[in-house]
Amino acid sequence: MIEVNFDGIVGPTHNYAGLSIGNRASFANAGAVSSPRLAALQGVGKMRRMLAMGLGQGVFLPHVRPNTDWLRTLGFNGSDTETLASAWMSDRALVANAMSASAMWTANAATVSPAPDTRDGLCHLSVANLSTMPHRASEAGQTERQLRLAFPDPRFFRIHAPLPAAFGDEGAANFMRIAPRSGGPAVEMFVYGEGQSGGFPSRQHRTASEAVARRHGLSPARSLVVRQSDAAIAAGAFHNDVVAVANGHVLFAHEAAFADPAALYAALAALVPDVVTIEVPADRVSLDTAIRTYLFNSQLVTMPDGGMTLVLPGEAQENAAVWAWLNELIAQGGPIDRLEVVDVRESMRNGGGPACLRLRVQVDADALAAIDPRFLLNETVCARLEQVITQEWPESIAPEELGDPRLWDRCARARSALTEALGFGTDEL
Ligand code: SUG
């Protein structure tokens, strides 16, 4: 199996409108001036690092923004500019929603069950409905279109439409897969929240996780549906990938990530005897620090030489407690043997770390060959992306500019330049 991480290219409308309640960074940076060009270049920089590490890398494209179709469903009409202008006059927050670049966080695009885990032997992808937040809920339609384009071959892939909105589903951000080192069947873990915690909504519902597991044809004996701790949600872990990450036979989590960690670790150990659980205690790294630094929103990846690397945001390196703990971890000589630090600061300021920016898809060589190559990355494509971004992406967006027709036009043109540069026709995406 080969793992390809599909990162969302940061769209030209990237801005700080504070749309996500329960997401501390989004809330804290509301109203700040964003730097879309820098944000997108940071994203490509991370993808380049992954390629340089010898790992598979793909992309998903920014969605159509401003999302005038969405504003029309809310009763605004006329030309695109008239639709946007009347929405801006009526309720600026609606235009902020229609301008969000949140599709960059592709860990929320879908949940992916690799072929060896499913009854029919296909790789199953369930598009997330992201129904808790209006700006994110509007992503599902375009995400589904891109997934159907990227994974068109029914001999390998099965794409499921989003679940009904009442079943809140935020995709792979609340999903982990543990595979025995010795080979053999893997365990898929679905993590959900219950009700409100600290006034913040639980975005992943248990019923949604169960439905995805059923649709993917997973063995009930090898899937775990696990409750996230209320304390984690209340502290700002609006997705489980803010407090835990897994790769291969390793689970790396904060002590306060799960409602009943002892039961989870025991269940995992029974299913995957060689599982290694690395739990970070709160007296070394508090939940608050873990969430501020996004220590766990790292990408844990298996390197071509078989070692495991933790790809961390710069914010984690800058925190003395986090960095000291990580260096002890490496010195102990466990399965994680390397740290790589990446700069995704612009995305981080909206609560999106390295792991939020990518969707993992594990495939064999035949399925890999069946992926539409326009979604796969190499150095040449990276250079092309950087060129278009540098030429077309706005350097900055201040909150009041979200109502400026010149910005609407510029962002629409920038996206078209990108899709064209990657070989997509105007109506394909
Ligand atoms: O859904 N932020 C995203 C961040 C998603 C992070 N993804 C994972 N943890 N996998 C969210 O809260 C902020 C947008 C704004 O405020 O404009 C935002 O949507």
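Predicted model: local features only at pLDDT ≥ 70, side-chain atom pairs only at ≥ 80, totals over all residues.
Hi everyone. Let me start with a term: a polar contact here is a pair of N or O atoms within 3.5 Å.

Which serine side chains put an N or O atom 2.7 Å from a ligand oxygen? One is Ser26, and another is Ser20. Both distances of 2.7 Å fall within the 3.5 Å cut-off, so they count as polar contacts.

How much of the ligand's accessible area does the protein cover? On its own the ligand has 480 Å², and the protein covers 99% of that. The space the ligand takes up is also the largest cavity.

Who lines up around the ligand? There are 20 residues around it, and those that come nearest are Leu19, Ser26, His135, Arg203 and Asp241.

Across the whole structure, a search turns up nine aromatic pairs. One of the pairs is Phe6 with Phe151, an edge-to-face arrangement with 5.5 Å from centre to centre and 75° between the planes. Why pick that pair to show you? Phe6 belongs to strand E1, residues 2–8, while Phe151 is in the loop between helix H7 (140–150) and strand E5 (157–160), so the pair ties together parts 145 residues apart in sequence.

Last, two backbone details for those of you with the structure open. Most residues other than glycine have a negative phi, and most peptide bonds are trans. With that in mind, look at the bond from Arg65 to Pro66: this peptide bond is cis, with omega near 0°. You will find Pro66 in the loop between strand E2 (56–60) and helix H3 (68–73). Then go to Leu130, a residue other than glycine whose phi is positive, near 45°. Leu130 is in a loop as well, between strand E4 (123–127) and helix H6 (134–137).

How values were computed
Residues numbered from 1 in each chain as written. Heavy atoms only, no water. Near = heavy atom within 4 Å. Polar contact = N/O pair within 3.5 Å; in protein donor to acceptor, adjacent residues only side chain to side chain. Areas by Shrake-Rupley, 256 points an atom, 1.4 Å probe, with all protein chains shown as cover. 1 Å grid on protein atoms, 1.4 Å probe; cavity = no way out; pocket = protein on both sides within 12 Å on 5 of 7 lines; lining within 4 Å. Sits in = over half its atoms within 2 Å of the grid points. Phe/Tyr/Trp six-rings, centres within 6.5 Å; stacked < 30°, edge-to-face > 60°. Helix = DSSP H or I, 4+ residues; strand = E, 2+ residues; numbered from the N terminus.
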